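Dear colleague,

I am handing over the structure below, followed by notes on what was found in it. Please read the notes with the model open beside them.

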Amino acid sequence: MNYRHAFHAGNFADCMKHALLVALLRGLTRKPAPFFVLETHAGAGHYDLASEAALRGNEAAGGIMRLLDRSCGTRAPVDHTSAGEAASTVPDPALAAAIDRPPAGDTASAEPDPGLAAVVDRPPAGDAAFAAPDPALAEYLSLVDRSGLYPGSPELIRALLRPDDRLACCELHPDEHTALRRLFRDDRQVAVHRRDGWEALKALLPPVQKRGLVFIDPPYENPDEFRHLADGLALARSRFPTGVLAAWYPIKHRAPVRAFFAGLRPRDVIAAELLLRAPLDPTRLNGCGLLVVNPPYQFEQLAETILRALLPLLGNGEAGEAATVTRLADE
Ligand SMILES: C[S@@+](CC[C@H](N)C(=O)[O-])C[C@H]1O[C@@H](n2cnc3c(N)ncnc32)[C@H](O)[C@@H]1O
């Protein structure tokens, strides 16, 4: 296990994954009944963007730093000098206000969230870079700590739990596990396990709450990871048929993704993808996707709005860039 997320924290893939994760959780909080979240590959919980690891590849410069710069003229205090990072510093008052807001409260409602409804009803954002940011990103950005500590998925999920909701995180790497345990020390709503996330799909599902989210974010270190993912999704579906399942995947080139889709049972499955360029060079992370089984009400439209808002902020206008949400078709 060589993968350490600190080297990649806050990159464009994290922004895409985490903005969609926040929208999924908002979907779950629409109903008052408590929910359970299982995160199979949790990481350390949050990441210091000024650490040596984070600065080595400076990936956050093309991700969250750029998003904050371009969308609200707000920069976390991390030095980054790479070319192409020159950003608009014109603050967007609406988003700046959203960022200054405390994390969303605990109140649940069975009614559609009026904020989300407004976003869903609006036409997608235009293509121009540096355009005013879409409010669809506001909640995610409001959860990003501008002091330079980037929240990983466990911290984002935790911020959106209501008092009766629960989170279980699995992490195998000893250092990441220790950091995560420390982060959630004394938190009775969060259980941190040092266990194999794939095995946890069997051990921890179905949850007593009978509703919730399984979030799967493996490191794709070994070539079998897509196969593990397809098997894991099938297992999670059989044990928790009503659960929302979300799995992040890299897009380097198309062939592995096509093969992965072909091995899935496509019923009620969508793929939300952000491509920074055509996926032709298999040595580069050209884009990424989030596969969602049983997406919450209106998530499909909301995901499209979020991706269309992200693309002009994170992309460089390269050939083949795209933001798409597609529904996998039944055979
Ligand atoms: C992509 S990172 C997770 C990032 C995190 N989900 C986030 O968005 O902040 C993947 C993590 O999975 C851990 N990992 C790898 N194999 C695992 C396994 N079989 N079970 C649990 N964790 C695993 C790695 O140590 C790494 O921290």
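**Strand pairing and what surrounds it**

Strand 1 (residues 36-39) and strand 4 run parallel and are joined by four bridges, where two strands are said to pair if DSSP finds at least two bridges between them, and where strands (E, at least two residues) and helices (H or I, at least four) are DSSP runs numbered from the N terminus. In this pairing F36 stands opposite R166 of strand 4. Residues are numbered from 1 along each chain as its sequence is written. Please keep in mind that this is a predicted model, in which local features need pLDDT of at least 70 and side-chain atom pairs count only at pLDDT 80 or more, while totals for chains, interfaces and linings use all residues.

Strand 4 (residues 166-170) also pairs with strand 5 (residues 190-193), again in the parallel sense and over four bridges, and here C170 has H193 in strand 5 as its bridge partner. Together with helix 8 (residues 174-183), strand 4 and strand 5 make a right-handed β-α-β unit, meaning that, with the strands pointing away from the viewer, the path from the first strand over the helix to the second runs clockwise. Four of the five residues of strand 4 are buried, a term that requires 20 or more other C-beta atoms, placed from the backbone, within 10 Å of a residue's own.

The protein as a whole has twelve helices and ten strands, and 48% of its 331 residues count as buried. Helix 1 (residues 12-28) is mostly covered, with 17 of its 17 residues buried, and helix 12 (residues 299-314) is mostly covered too, with 13 of its 16.

G232, which is found in helix 10 (residues 225-239), counts as buried because it has 23 C-beta neighbours inside 10 Å. Leaving aside residues up to four places away in sequence, G232 touches W198, L201 and I216, contact being taken as C-beta atoms, placed from the backbone, within 7 Å.

Finally, there are 19 residues around the ligand, of which H41, G43, G152, H173 and G197 come nearest; a residue counts as near if its C-beta atom, placed from the backbone, lies within 6 Å.

With best regards

Notes
A residue is buried if 20 or more other C-beta atoms lie within 10 Å of its own, exposed if 12 or fewer, and partly exposed in between; C-beta atoms are placed from the backbone. Two residues are in contact if their C-beta atoms, placed from the backbone, lie within 7 Å.
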